[in-house]
Structure formats: C-alpha cells, structure tokens
Amino acid sequence: MNHPTRRALLAGTAGAALQPQRVFAQATPSQVGAGTPRRGGTLRVSVDQAASVLNPLLTRVNPEYLVSELLYSGLTRLRPDMTAEPDLAESWTANDTLTEWTFRLRDNLRFHDSSPCTAKDVAATFTAILDPKTASPARTNVGPIKEVVAQDDRTALFRLSAPYADMPAALAYTNARIIPAAIATGDLSRLSREAVGTGPFKLVSFEPDRRVIVARNEAFYDPARPYLDRVEVLVYPDPTAQSSALISGDIDLIAGAGQSEYQRLSTAHGVAALRVASGQFLNINMGCQQPPFSDISVRRALAMTVDRTAMAGFVAQGYGTPGNDVPVNAAYHFFKPVPQKQSDIAAAKKLLAEAGFPNGIDLTLIASDTPGSRTQLAIAVREMAKPAGFRIQVQTMPHATYLDQVWKKGNFYVGFYNMQATADAIFSLLYTSTAAWNETHWNNADFDAAVNAARVTTDEAMRRDLYGRAQQLMYDDVPSVIPTFFDLLAARRDYMQGYVLHPRGAVFRLDLVWLGPGAPTRG
Amino acid sequence: MTPALSVQGFTLDYTTRHGTRRVLDGVDLVIAPDEVVGLVGESGSGKTSLAWAIMRHLPRNAHEVAGHILLGVTDLRAAGPRAVNALRGRRMGMVFQDPSTALNPTLTIGRQVTEVLTYHRGLSGAAAWHAAVDALRHVHLREAEALMRRYPHQISGGEKQRVVIATAFACQPELIIFDEPTSALDVITGARILALFAELRRQTGVAALYISHDLALVSRVADRVAVLRDGKVVEEAAADTVFRAPHHDYTRRLVDAVPRPERRLVFDAPGEGSLLRAEKIAVRYARRRLFRAAAPPATHDIGFAIRPGEILGVVGESGSGKSSLARALTGLAAFSGGIQFAGRTIAGPRDMDRDYRRAVQIVFQHPDASLNPRQTIGQILSRPLRLYGGDPRSVPALLEQARLPADYARRHPHQLSGGEKQRVAVARAFAARPRLVICDEITAPLDVSVQASIIALLLALREAHDTAYLFITHDLNLVRQIAHRVAVMRAGEMVDLLPTEALSGAATHPYTRELIAATPVPAGT
Amino acid sequence: MSGAWLLRRLFTVVYTMLVVSLLVFAITQVLPADAAVTLLGENATPAALAAVRLRLGLNDPAWRQYVHWLLHLAHGDLGVSMRTGQPVAPTMLTALGRSLLLAGLSLGFMLLIAVPLGVLAALRRGRPIDLLVGLLSYLGVSVPEFVTATLLLIVLADHLQWLPATGYVAPSENLVGSLQHLVLPVLTISLILVAHVSRMVRSETIDILHSDYVRAARLKGLPPRTVLLRHTLRNALLPVITIVALDVGYLLGGIIVVEEIFAIPGIGRELFVAITARDLPTVQAGALIMAGTYAVANTLADIAYALLDPRIRYD
Amino acid sequence: MTDTLHRLLRTPQGMLGLVLLFVLLLACVFGPTLAPYDPDAIDFLGRFAVPGARHILGADQLGRDVFSRLLAGARATVPLALAATLLGAAAGAVIGTLSAYLGGLWDEAIMRTVDAVMAIPGLLLALLLVSTFGGGALNAALAIGIAFAPGMARVTRSVALTARQADYVSAAIARGESGGWIVLREMLPNVAAPVIIEATIRVAFAVMLFSTLSFLGLGAQPPLAEWGLMVSEARPFLHQAPWVIVVPCCAIALTAVSFNLLGDGLRDALNPRDEQ
C-alpha cells in the first residue's frame with residue numbers, strides 16, 4: 001500500500017560538498033521472509049538517551065517506547081503503512097454509527113507473572129489511561145472513548161462519545177499497552193520498578209542510564225516469536241561514539257542514527273544504513289489570534305521567504321523532504337499531493353508592505369534547546385527572512401522553561417512533532433479548534449468541519465476528499481510554517497535480519513528480528 | 001710539614017644579570033695541622049664563598065679565575081667529581097650555621113650518622129650503629145642510644161649541632177670548616193658548643209677554619225685570625241695581637257665596634273618618678289581553639305617600672321618571654337595584670353588611647369619585615385606624623401635626624417641596606433615624639449659596625465628628646481655598655497632586675513652568673 | 001594521632017556534607033522551571049501537575065522540604081529519583097563505584113608518568129627535557145577535557161580502531177573488555193593530571209635540592225644516588241599525597257564531559273543528567289555522596305601524610 | 001606598574017604570554033570589523049566548504065565562515081571569562097583577607113565553610129548555578145565567578161595570613177591604626193600581587209570552563225558565535241568537516257595557554273628575588 005516509487009529524486013542541487021545520494025535501503029515487508037529465521041542469540045540495541053520511565057502508560061521518548069514494546073502489547077499494532085494489525089485483539093467490529101467498537105481477544109493470554117489477561121484488564125487499563133491524575137500521554141490520542149466494558153473474558157466493548165473511524169489505528173498508540181487490572185486500579189508506581197506485561201520479552205535488569213536487559217517470554221501467545229533469546233538496550237549519549245561502537249562491533253543496531261553520522265555509517269564495512277521518509281516535522285507556530293499573525297498576509301509573507309529545499313539541507317543535513325506548511329506528507333495514507341512552494345523574497349516584501357509593515361517587522365522567535373534542530377531552524381529562518389524585511393531575534397532556553405512559560409502561550413516559537421498514526425490524529429492533536437495542543441489558535445471552522453466529517457465515515461473516497469480539502473485550507477492559510485519533514489535514520493550490522501525501520505519512529509518490532517550467520521556470540 | 005690546607009692567590013667571580021662581581025681577590029691562607037685559623041668578615045666579605053670553594057660546592061654561576069687550593073698534597077681544583085666526593089666527609093668535613101635545617105627532618109638521627117660511617121669507613125650495619133653511638137657519646141649527648149631512634153624535630157638546637165659535629169668528626173678528617181656554628185644558638189648553648197670544640201680539637205689535633213662575623217668570639221677560639229674585607233685578606237695575625245694591636249685601620253674600626261662592658265657609653269642618670277609601671281603582666285597567646293586546651297602563658301606576673309629617660313636593658317635566651325613583654329606593652333598581645341601610665345591603669349589593648357600609643361613606640365628586630373614593601377619611605381614616615389598631629393612636611397627633617405639623605409623619601413624599602421632600613425624604623429618611632437621606645441633586638445641581624453652606628457643614633461636621639469628605652473637584646477656586653485638597669489628573663493620569669501654595675505657582683509641569680517660567664521670577652525683585654 | 005584529632009576530622013567531614021547539601025538544596029530551590037513540569041512534559045494536565053507536586057511535597061516551603069529530607073537521611077533513606085522512580089542510593093553508589101574505578105586508574109597511571117617527569121625536569125633544570133615538560137604541562141592545563149576526548153576518539157577509536165569507542169563494561173563481567181573501554185577516558189584525564197602534578201613535583205624537587213640538609217648530605221660525601229633517593233625524593237613527594245586527595249574531588253564531579261562522551265555512567269554524569277532533569281533527590285544524594293567521598297579522601301591523605309612525615313603530629 | 005611590565009617582558013613566559021594576549025585583544029576589539037564575512041550569514045551552497053580561497057578556515061554546517069565566527073567568538077568568550085574571574089577573585093579576596101584579619105574562631109568557621117564548598121568541583125557548581133539561573137553567556141559567567149570564589153578565598157587567606165603576621169602590620173596596630181586602614185592600605189597591597197597571579201592563571205581555567213559549559217549546552221546559546229558552542233555544534237560533523245571543530249579548539253587552548261604563560265611571567269616579575 002505504501003508508495004516506494006513515487007519519491008522523485010531529491011532536487012539535490014550541485015555544489016553541496018557532500019550531497020547525500022538517495023540510497024534507498026529500505027527493506028520492504030516482502031524481504032522480511034527472505035532467509036529462514038534462526039532462533040537464539042543476544043541483540044544489542046543502542047539508543048541516544050536513557051529509557052528512564054518503565055511504566056508503559058507514561059513513556060514519552062523513543063528509547064522508552066522501544067523497551068515498553070518489548071515488555072507489553074496493545075490491542076492492535078501499526079504496520080509500516082500505518083494500517084492496524086491484530087496484537088492481543090485477534091479481530092474487531094464496529095456498529096454502523098461507529099460509536100461502539102468491540103474487540104475480540106486471543107484465547108488464554110498470560111501476563112509475565114502467568115496471571116490470565118482478560119477483557120477486565122483491558123477495561124481497567126483504559127480507565128487508568130483516561131484518568132487525568134495518571135497524566136498518560138495516551139489520554140488524548142486513543143480516540144473519544146467514553147467508557148470500556150468487559151462483556152466477557154475475551155470481549156471488550158469501547159463506547160465512544162462521538163463516531164470515530166480510525167479506532168483500530170488509535171488503539172495502537174505507544175502508551176495504549178495492557179497492564180494487569182490489579183495494578184491499574186492499585187499502585188501504578190509499582191510499574192516504575194518492575195514489568196508485568198504480555199509482551200514477547202520479560203524484564204531481566206533495569207539500569208536506566210546504562211543498560212536494560214530483557215529475555216524471551218516463553219509463554220508469549222505466538223510460540224514462533226520472538227526469535228532472539230535476549231535483547232540488551234544500551235545508552236550512547238554521544239552520536240559519534242555510538243557510530244564508532246557499531247562500526248567496531250560493540251553493538252548490533254542503532255535505533256535512531258544522527259544525520260551527521262549517516263554518511264559514515266552508509267560507507268562503513270559490515271554495516272547496513274537504513275533510511276525511511278517519515279511524517280516527523282519541525283514547524284514555526286504563529287499565534288493567529290493576535291497581531292501581527294492574525295493578518296493572513298503576514299503569515300503568507302513569512303512562508304514565502306523560506307527556501308524549503310535548502311531548509312531540508314540545513315536542518316536535516318539533506319535527510320528530509322521539503323514541506324508545504326501541511327503536517328501531512330507522503331508517509332500518510334490520505335496525503336494529497338500539492339505543488340511545491342518556492343521562496344519569493346520580492347513577493348514576500350510586497351505582501352508585508354501591504355499588511356502595513358513597509359519598512360519591515362521586528363519579531364522574537366523562541367526555540368527550546370532540545371532537540372538541537374529547533375535552534376538550527378530558527379537561525380536559518382532568521383537569515384532567510386532577513387532580506388524580506390523580517391528582523392527576527394532568536395532566543396533559546398532550556399526545554400523545561402520552554403514548556404513552563406512559552407509552550408501553548410507564546411505567539412512565535414518552534415515546534416517539533418513525531419509522526420502520528422493517522423491524518424486525523426495529527427490534525428486533532430494540533431490544528432483543530434478543540435485540539436489538545438492547539439498552539440496556533442487558528443480555529444478555522446471549515447477546517448474543523450472537514451476533519452470531523454472525515455472522522456465519522458469509513459467511505460474511503462469521501463474521507464480522501466475531506467482530508468484533501470483540509471490540507472488545501474492549511475496550504476493556503478498557513479497557520480504555521482512547516483518547511484521540512486525528517487527522514488528516520490538507523491543502522492544495523494549486516495548479520496542482523498528481519499528489522500523494518502518504521503516511519504512512525506516509535507515502532508521497532510524486535511520480536512521479528514533474528515541473527516544471521518556471522519553474528520558474534522555474546523554472554 | 002705540609003700544611004693541612006693551603007689557599008694560594010685564589011680569585012673567584014660571580015656572573016649575575018648585572019655583569020660579573022669579584023667575590024675573592026688573590027686570597028692566600030695556610031692552616032697547619034692541629035691549627036685553628038679564624039676568618040672574620042662582615043656580610044658580603046666573601047668568607048662563606050671561600051668555604052664553598054674549599055668544599056668544591058660552588059654555585060653554577062661561580063667562575064674560579066685563578067689560584068690553587070691544596071688539601072695536604074691534593075690539589076682540590078684538579079680533583080674530578082668522584083675524587084671530590086670521596087674526599088668530602090672523609091678528609092674534610094663541615095659544620096653549618098643553622099643546625100635545625102642541616103639535618104633531614106624525615107630521617108632518624110641514627111640513620112644520618114651511620115650513613116657517613118658505612119660509606120666512608122665501610123662499616124656494616126651493626127658496627128656502624130655502635131660507632132655512631134660512640135660518636136654521639138663523644139660529644140656528650142645524654143642517652144645516645146635512645147637519641148639514635150629520634151627525629152631532628154624531637155631534640156633541641158644545641159643537641160642537633162652536637163650531632164652535626166659528631167658526624168663531621170666521625171671519620172677523623174684532616175680539616176673541618178666551621179661556618180658560624182653558634183650564631184643560631186643562644187649564648188649559653190653557644191658557649192658549651194665552643195667548649196666541646198676546644199676539647200675535640202685537643203683530642204684529635206684536627207686543623208680547622210673557623211668562619212664568623214664575631215671578632216671577639218673568633219679571637220678566643222682561633223690560634224690565628226685573618227680579616228677579610230670585600231674579598232681581600234687585609235690583615236693576618238695571632239688571635240690576641242689582632243685584638244690588642246690591630247694594624248689595618250679596617251680591623252681597628254672592627255675592634256672598636258665590638259661592645260665591651262668596661263667602655264660605658266651612657267653616663268647620665270635617669271629622671272625621677274616612674275614613666276611607666278607594669279604590674280603582674282602575664283601574656284597569653286593561643287586563643288581557645290576547637291577541642292584544644294589553651295597554651296601555657298608566655299610570661300608570669302612580670303612587674304617593673306621605667307623612669308623617664310632611663311635605658312632599661314632586658315636580657316634572656318630566645319623563648320624567655322622578652323618579645324612577648326614588648327608585644328604586651330604595645331597592645332599587640334593580650335595580657336592580664338595592669339600598666340600604670342600617666343596616672344591611668346591600662347588592662348588591655350583596648351584601653352590604650354591615642355596618648356599612650358603616641359608615647360610608647362616599638363622598633364622590631366627584622367628591618368625588612370617592619371617596613372611595608374609596597375610603600376615609599378616618605379609614606380611610611382608621614383603616617384605617624386599625620387596620626388599624631390605632626391607636620392607631614394617634616395619628613396626630610398626626620399630622615400636627617402636619622403642621618404639618612406633626604407631623597408630616600410622616594411625610595412622603596414627593598415632599595416635600602418639592612419642598617420638603613422633600621423634607621424628608617426627608628427625615625428618612624430621618633431616621628432611620634434615618644435616618651436618610651438621599645439627596641440626588640442633591633443641590632444641582632446646587623447653587622448658589628450652597623451650595630452655600633454645604630455646604638456650611636458639611639459643615644460643621640462635620647463640626648464635630644466630625653467626618651468626612655470626598653471632595650472631588649474641577647475648581647476650582654478652591649479647592654480652593659482648602655483643600660484642604667486638590666487632585667488634578666490628566663491622561661492617567662494624576671495629572675496633579676498638590678499643596676500648594670502651590680503651585674504658583676506655576687507648578689508645575682510645563678511642563671512645571671514651563668515649568662516655572664518658564657519658571654520665571650522675578647523682575648524687579650 | 002589522637003582521639004581529639006579524629007573527632008575534629010569527623011566533625012569536618014560531617015560539616016562539609018551538611019554545607020554541601022544545604023548549598024545544593026538552596027540552589028536547586030530557586031529553580032525557575034518547576035520540577036513537576038519537567039517531569040510530565042507536554043502531557044502535563046493541571047490535575048496531573050497538582051498530583052505530582054503533592055506526591056513530591058513540592059508545595060511545602062523550602063526549609064520544611066530540607067528538614068524533611070534531613071530526617072529521611074538520618075534513617076539512611078536518600079529518597080527516590082523523580083525521573084526513574086528508582087531508589088537513589090543504590091544507583092548513586094554504583095555510579096560512585098564506576099567513578100572511583102576510573103579515578104583510581106587515572107591517578108595510578110598519572111603518578112607513573114608525572115612523578116618521574118617532574119623529577120627529571122627538576123634535575124635537568126633549564127635543559128631540553130625541562131622545557132619539554134614545561135610545554136606538556138602548559139598544554140595539559142590549557143586544553144579542555146572535551147577537546148582531548150574528541151581528538152583521542154577520532155584518532156584511536158575511529159582511524160586506527162585499536163580501542164573500542166565508548167561504553168562501560170563492568171570489570172566483574174569482563175575484565176579485559178572493561179579495561180579496554182577505560183583506556184581512552186583514562187588517557188584523557190591523565191593528560192590534565194600529569195600536566196598539573198608534574199609541574200608541582202618539579203617545583204617541589206627544586207626547592208628540596210636547594211635545602212640545607214641536601215647540601216649537608218652532599219658535603220658528607222654521600223654518593224649522588226643516595227642523596228637523590230634517600231634525602232631529596234622522600235621529602236619532595238610528600239606533598240603529592242595532598243594534591244592527589246584534592247584531585248579526587250575533580251575526578252568525581254569534574255570530569256562530567258569525559259563521562260558524557262565515553263558513555264561512562266559515573267557519579268559526575270548521573271549528577272549532570274539529574275541537574276538538567278531537575279531531579280532534586282538524585283542531585284541531593286549525588287552531591288552528598290561525592291562531598292563525603294572527597295572529605296574522606298582528604299582525611300585519609302592527612303593520615304598518610306602524618307605517617308610518612310614524623311614532624312606532623314596531630315594532638 | 002611600568003617597571004613590572006618591563007620585568008615581565010624579560011621573562012620568556014611573560015613575553016610569549018603578552019604577545020598572545022595582544023593578538024587576543026586585537027581579535028576582541030576589532031574582531032567583527034576584521035571578519036571577511038558576516039559571522040551569522042548562512043550559505044546553502046557553501047556548507048562544509050574546505051579551507052581555501054573563499055573561506056580561509058572553511059565553513060560550518062550552515063555555511064557560515066569559520067574565520068569570521070572565530071573573530072566574533074573572541075568577543076563572546078574572553079571578556080566574559082575575564083569578568084567571571086574578576087568577580088570570583090574580588091569576592092574571594094575580600095572573604096580571604098577578612099578571614100585572615102579576624103582570625104580565631106571566625107577564621108576557622110569561614111575557612112571550614114569555604115573548604116566545604118570546595119568539595120563540589122568548579123564545573124559541577126557552575127552547572128548547578130547555570131541550570132538554576134537558566135543558560136546563557138551572562139549566567140554562565142556569574143556561575144563561574146561564584147564557583148571560583150572559594151578557591152580564591154583560600155589562596156588570599158594564606159597570603160593575607162603571612163601579611164597579617166608581618167611586623168609592618170604589627171607596627172600599624174601598635175600605632176593605633178584603624179582596622180580598615182590596616183586591611184586596605186597595609187595588607188591588601190601586599191596581598192594583591194599573589195592574588196593577581198592566581199587570578200591570571202584562573203582566567204585560563206575560566207575560558208576552559210566557559211567553553212565546557214557551552215559544550216554541555218548550558219553556556220552561550222545559539223546563534224551566538226562563542227568558541228565552546230562552535231565546538232559542540234561542530235562535533236557531530238567531525239568526520240565530514242574536522243576543521244570546523246579543530247579551529248575553535250585551538251583558539252580555546254591558545255587563549256588558555258596565553259593566560260597561563262602570563263600568570264607564570266607575572267609570578268617572576270611581581271616579586272623579584274634579589275640577585276646576589
């Protein structure tokens with residue numbers, strides 16, 4: 001279903017000293033079964049920051065998603081093309097008004113402590129997720145659930161407060177992992193030190209800042225998987241050091257490789273560099289409810305100053321795709337191709353003058369210090385917009401202070417977002433009037449109507465048309481400037497088989513991985 | 001009979017950043033076996049450089065221009081480093097000025113004596129140990145056996161010097177050089193070391209070169225005396241004739257500058273009544289420290305009075321409490337007891353008002369530490385003038401009074417000689433037109449001739465301003481020359497307080513008599 | 001060495017740890033960003049924030065939080081990390097273990113090089129070897145750790161691939177692997193320590209060579225080797241002990257950058273991560289453990305000094 | 001003052017230190033004007049340009065000219081490092097001198113507390129302070145200043161103690177001078193020389209500490225052209241463009257060396273032991 005061929009060769013202009021060639025080493029699902037998988041062996045995965053939160057409901061960063069995916073399972077899982085596939089639920093049906101979804105669990109599911117996993121556990125888990133005090137990131141990302149009822153041991157009924165077509169994909173959210181009812185209703189903090197899940201691996205040791213070790217769960221519902229005996233998750237804060245470790249064979253997989261390292265990894269001996277376009281993007285949020293950004297021509301003028309191809313080069317080191325101020329790109333199912341916006345300084349200057357700023361405008365663009373690409377974007381925009389009369393002062397600050405004082409309050413700052421499972425998820429997270437993270441306060445009625453309508457129907461053609469209209473509205477109105485999307489990069493040793501780099505960035509499926517010949521034996 | 005040591009026409013230069021400086025110029029010196037030659041000279045005369053030349057231990061920037069040094073028949077200048085090393089300690093030894101630094105602080109006494117024996121006389125461990133114990137007994141050290149295991153900081157200065165002497169004599173050398181061995185010791189211990197030296201000399205018949213700035217002492221110890229001035233031997237004669245009939249006028253000036261009790265310099269009598277009376281002064285230094293008991297007091301219930309214009313001498317060994325007394329009287333140390341001054345009772349530094357501080361001034365021992373290096377002489381002198389209402393413009397007059405050129409006002413202390421700095425300190429004291437000046441061993445670090453000029457200055461100023469002095473010193477001869485009365489202090493107690501002329505009488509404290517006996521009177525008087 | 005002295009030293013150790021904990025608490029209390037916000041990040045709902053603040057006692061006034069913390073400390077409970085929910089004490093103590101391993105190796109390696117270099121430079125004063133040591137020491141004290149670490153990483157780990165790049169292997173697991181992993185960090189730290197200690201040994205040796213008792217030893221005709229070993233070096237190397245103790249402080253908390261680049265979760269790095277994540281209990285515990293180790297190291301140094309130098313007598 | 005300069009020039013370290021310092025001064029004052037390009041101007045085509053005609057020292061990951069940023073960076077790093085050391089030295093000197101003058105239990109209490117604070121290494125204390133005040137060059141300088149104060153207090157106290165026991169201070173006390181006069185006019189001038197020497201050497205350490213803080217992301221914040229920040233931004237592109245990282249590293253090292261040399265030179269110049 002995905003579109004490996006549609007990628008036009010990146011408009012790589014000459015002159016860039018180290019223009020990365022588009023080696024497309026993405027292993028499509030069909031290749032997974034090439035060799036016959038061998039059981040056994042220990043896999044060493046490196047992540048760039050500590051997986052410090054073990055509790056699956058509270059995980060926030062990729063290393064934590066990786067560990068929680070090894071130890072726990074959700075009702076459904078996301079295929080690389082963002083469609084849902086069965087995990088603990090073997091099948092699901094919805095009523096015709098899409099307000100009630102019923103999920104049928106697999107037979108005799110067991111937790112790691114060998115207690116049975118039934119619909120009661122599913123109901124208790126989602127009650128905990130929806131409780132504001134738990135503060136689980138999943139609360140606003142698993143669809144409009146009103147309540148979850150366990151009809152019998154293997155059937156869980158989800159009653160929604162509004163029709164929702166993408167329920168199966170929503171329940172594949174990273175934090176929607178099923179935990180025992182006893183813990184969900186009792187002491188949740190127990191899960192910060194131990195793991196009682198249904199996942200393919202069991203927890204062996206948890207030293208957050210150094211190493212997490214998991215071993216095969218013999219009682220996993222699919223006897224064939226996982227192929228590996230053990231997985232060690234190691235922390236390498238320094239990207240240069242991480243690549244050297246992979247090259248020297250200390251580790252087998254870099255879950256997320258740095259852009260600056262990709263060049264070295266793709267030419268290193270015994271290493272396969274992996275790359276996939278994804279919906280992860282940086283944007284410049286403009287507060288549309290107060291001047292100067294309440295005036296649409298100011299927003300359009302700023303959008304016109306940005307050279308999106310150059311920005312992909314600056315901020316993503318060439319490992320990214322230019323954006324058109326729409327948060328949905330080719331990696332999404334309902335993407336509507338649009339003409340690529342080009343920078344036009346003269347037009348931007350004229351528009352700015354018409355908007356009442358003939359001799360330029362002074363602005364302060366705030367960028368938090370994590371991840372580093374935020375400040376790079378801010379600096380690049382400052383220079384690109386300067387000739388058009390935008391005098392932008394860049395101000396950086398620690399992430400904690402940004403969250404506390406600027407996020408959702410400021411009117412001109414840099415945002416950074418992972419790809420979501422569905423178009424609806426990204427729109428209703430950021431841009432609809434009722435969005436949880438409504439930063440731009442765009443509050444466009446037509447846009448809201450299109451998104452809500454698309455959510456309540458399963459008619460493919462109608463949804464494609466509605467999402468198309470929503471994307472066109474953002475393309476024209478520019479509530480926020482989205483100059484570039486990031487490709488996801490990773491690298492693995494050549495003897496490691498069965499690994500798919502997932503565009504969502506938070507899905508790893510190490511239970512499908514096996515070690516081919518040439519893998520070092522590790523204690 | 002070949003001489004033990006013969007130095008012929010020896011000339012030595014030092015090369016420094018400011019060019020070369022001639023330190024020794026054509027020195028001839030001969031020491032026969034069993035003879036002791038004294039070498040006398042003021043600081044900078046080159047006497048120590050001669051010692052280093054003989055021991056072949058010249059600094060890197062020294063350049064031997066001409067001459068020979070023969071130890072017996074061996075030409076030392078021709079000997080290579082290995083040969084010189086074999087000579088040192090075996091055929092010639094040396095006793096140093098400051099015993100407290102001449103011994104390695106982290107090695108036991110025994111180790112530092114036996115190492116010479118094992119190396120030069122090839123004695124094995126046990127034999128060396130016994131030989132060392134004998135050597136220590138030989139220099140009259142009590143419980144020599146126990147001493148072997150002790151460390152240098154656990155024994156007294158006198159004992160340390162005896163260990164150094166024992167080490168020097170251990171290998172029966174032909175020649176021993178003594179570089180001012182008693183100047184760092186107090187008078188009584190010094191006298192005992194000299195007695196030991198005389199006894200060892202008689203027993204071993206060793207030749208010795210005795211270097212010192214103290215002409216009186218050398219004339220008593222040596223058979224012959226050579227007088228060194230700016231690198232040249234200006235006179236050489238038998239010990240008693242050098243003192244009684246010096247030929248060279250430099251020697252004559254040196255002899256005259258040596259304080260002799262019989263030549264009084266002060267003849268008038270002090271005024272009536274008491275300028276200042278001290279009662280039961282007990283100085284206590286250590287403050288209450290965390291968990292630590294307070295140290296014993298430095299002085300016990302000292303009581304005395306000073307009459308206007310009187311010179312009261314205070315004599316005693318170091319540690320006897322004389323400086324503590326001075327610091328108490330000027331508010332530098334807390335004390336119990338009281339001071340009667342101008343009708344008021346002063347119980348501590350806080351009671352000392354401006355009048356008292358103006359009337360009582362102090363001059364410290366080390367001139368270069370008592371003048372602030374960062375201030376010019378003019379600033380130093382103008383400070384008391386401004387404090388006590390003097391006229392700041394009278395700085396040149398003050399310098400004149402201290403017989404220093406007026407343009408010294410612009411100089412910094414480090415550009416003046418030791419004597420000149422002490423004169424500035426005295427001038428500073430007199431800037432306040434004081435009634436009493438306390439001199440805390442102000443002549444100790446100075447050469448004899450400079451010492452004499454400072455004393456002359458003090459007496460002249462007393463003549464002009466009728467000031468009283470509390471003159472603290474360890475030199476009994478000097479104090480008997482100028483003091484009206486003398487106080488003798490020992491371990492914080494004032495054991496005697498009596499007129500100077502009564503000192504030689506019988507009614508004195510045994511310690512005073514021992515002190516007088518130990519003070520060297522120049523030979524031939 | 002008497003009871004009163006030991007008592008006083010104990011008082012100093014406790015006082016040091018108290019002052020450090022007070023200082024750390026005071027500084028971290030003035031945080032502009034609220035620890036709860038940092039903890040929950042984007043998903044912080046007002047209700048969740050309130051719950052976290054209550055759970056962590058962040059609403060109480062600063063001094064009560066400090067007293068509360070002291071009481072817990074008295075019972076040996078250093079609290080739970082806000083970030084990982086793990087008890088702080090074990091994490092920090094194992095981190096301290098790793099730092100001490102690194103510090104020990106670095107100090108050992110450094111002494112092997114710095115002492116001979118310093119003595120040689122003193123003996124050959126003014127000649128080429130002395131200038132070379134001078135140059136090395138200027139370089140050593142002027143190049144920040146992260147520069148040396150980066151350069152070593154490029155040359156030794158990448159180009160020549162002699163050594164594993166980074167990561168920490170516990171010696172208990174695999175001794176050779178562990179040592180291999182520690183070579184680069186030890187080299188980085190040692191360069192700085194060698195520079196600063198060799199300079200100190202050189203000036204100390206020169207002073208002792210000019211002392212009266214060394215001159216007396218020479219004039220006793222003792223062989224040069226005896227004068228050097230028995231008389232000069234014994235006294236010149238005593239102050240090295242105090243310097244090594246002072247460096248322990250640097251080695252525990254000062255080499256955060258080295259631990260960061262070489263991915264060694266020592267106490268320095270744990271503290272750095274905790275500080276940026278506003279994880280107060282961890283910062284507090286880490287600072288306390290580090291200050292305690294530093295104070296104990298200094299006490300041990302004083303005891304060692306007293307044993308070797310008879311003049312020092314603590315009463 | 002001039003004769004100190006004259007004596008400083010005679011020592012080899014002093015001479016070299018002064019020459020390097022002069023170059024540094026030029027960079028600080030005329031840096032931006034001398035820079036061939038605008039240090040912040042980015043150039044997509046010029047990314048990672050190798051050192052050559054167009055960019056003398058090459059270009060960084062955003063195509064900015066490294067040489068221009070180096071010159072501009074001098075102004076961002078050195079003055080603040082100097083200010084931080086001055087702050088630390090001044091605070092330390094006052095505490096140290098006061099503690100030496102007061103003596104007794106006061107002295108012991110102050111010094112015990114100073115020793116306790118020194119149990120926290122400079123970098124960690126700076127980190128703690130910076131993470132509290134928030135990143136940024138000024139906060140970093142303040143943090144380094146405070147981190148330096150205990151060390152300086154310890155040095156000053158020991159020097160002031162020797163001055164306190166000197167006879168010229170006793171003479172002043174005997175004269176009845178006020179406490180203020182004694183500390184300011186008698187003790188401080190003699191304490192100043194060793195403190196200046198110690199401060200000069202600490203400036204080198206401040207430059208390194210400043211760049212380390214920027215390296216950890218807590219010192220100067222982008223887009224400021226500060227040396228430590230240049231190193232940390234260039235570090236990921238180590239293999240593609242090593243010169244982008246080597247240039248600021250050398251600048252930091254050279255600056256630190258020049259202050260170390262100056263410190264040693266001053267040590268000889270400020271207290272000349274008499275020749276003979």
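Modeller: This is a predicted model. In chain C, among contacts between residues at least 6 apart in sequence, 72% join residues at least 24 apart.

Biologist: What makes two residues count as being in contact?

Modeller: Their C-beta atoms, placed from the backbone, must lie within 7 Å.

Biologist: What is the secondary structure of chain C, and what are its spans along the principal axes?

Modeller: Chain C comes to 14 helices and 0 strands. The C-alpha trace of chain C spans about 85 × 60 × 35 Å along its principal axes.

Biologist: What share of chain C is buried, and what makes a residue buried?

Modeller: Of the 315 residues in chain C, 46% are buried. The term applies where 20 or more other C-beta atoms lie within 10 Å of the residue's own.

Biologist: Why are α5(D) and α6(D) called oblique to each other?

Modeller: The axes of α5(D) and helix α6 (residues 137–165) of chain D cross at roughly 140 degrees and come within 8 Å. Roughly antiparallel requires an angle over 145, and roughly perpendicular requires 65 to 115. The two helices, α5(D) and α6(D), are therefore oblique. In handedness, α5(D) passes α6(D) in a right-handed crossing.

Biologist: How many residues of chain D are in contact with chain C, and which helices of chain D supply at least two residues each?

Modeller: In chain D, 34 residues are in contact with 35 residues of chain C. On the side of chain D that touches chain C, α4 (104–117), α5 (122–133), α8 (179–215) and α10 (242–270) of chain D each supply at least two residues. The residues on that side of chain D divide into 23 nonpolar, 8 polar and 3 charged.

Biologist: What confidence does the predictor assign to chain C and to the complex?

Modeller: Chain C has a mean pLDDT of 82, and 92% of its residues reach 70 or more. Among the elements of chain C, helix α2 (residues 35–40) has the lowest mean pLDDT (69), and helix α9 (residues 212–219) the highest (91). For the complex, the predictor gives an ipTM of 0.77 and a pTM of 0.79.

Technical notes. Residues are numbered from 1 along each chain as its sequence is written. Chains are lettered from A and ligands numbered from 1 in the order in which they are written. This is a predicted model: local features need pLDDT of at least 70, side-chain atom pairs count only at pLDDT 80 or more; totals for chains, interfaces and linings use all residues. Helices (H or I, at least four residues) and strands (E, at least two) are DSSP runs, numbered from the N terminus. Ala, Val, Leu, Ile, Met, Phe, Trp, Tyr, Cys and Pro count as nonpolar, Asp, Glu, Lys and Arg as charged, and the others, Gly among them, as polar. A residue is buried if 20 or more other C-beta atoms lie within 10 Å of its own, exposed if 12 or fewer, and partly exposed in between; C-beta atoms are placed from the backbone. Axes are lines fitted to C-alpha atoms, for helices over the stretch in contact, and angles run from 0 to 180 degrees between N-to-C directions. Angles under 35 degrees count as roughly parallel, over 145 as roughly antiparallel, 65 to 115 as roughly perpendicular and the rest as oblique. A crossing is left-handed if the near helix is turned anticlockwise from the far one by less than a right angle, and right-handed if clockwise. pLDDT is the predictor's confidence in each residue, from 0 to 100.
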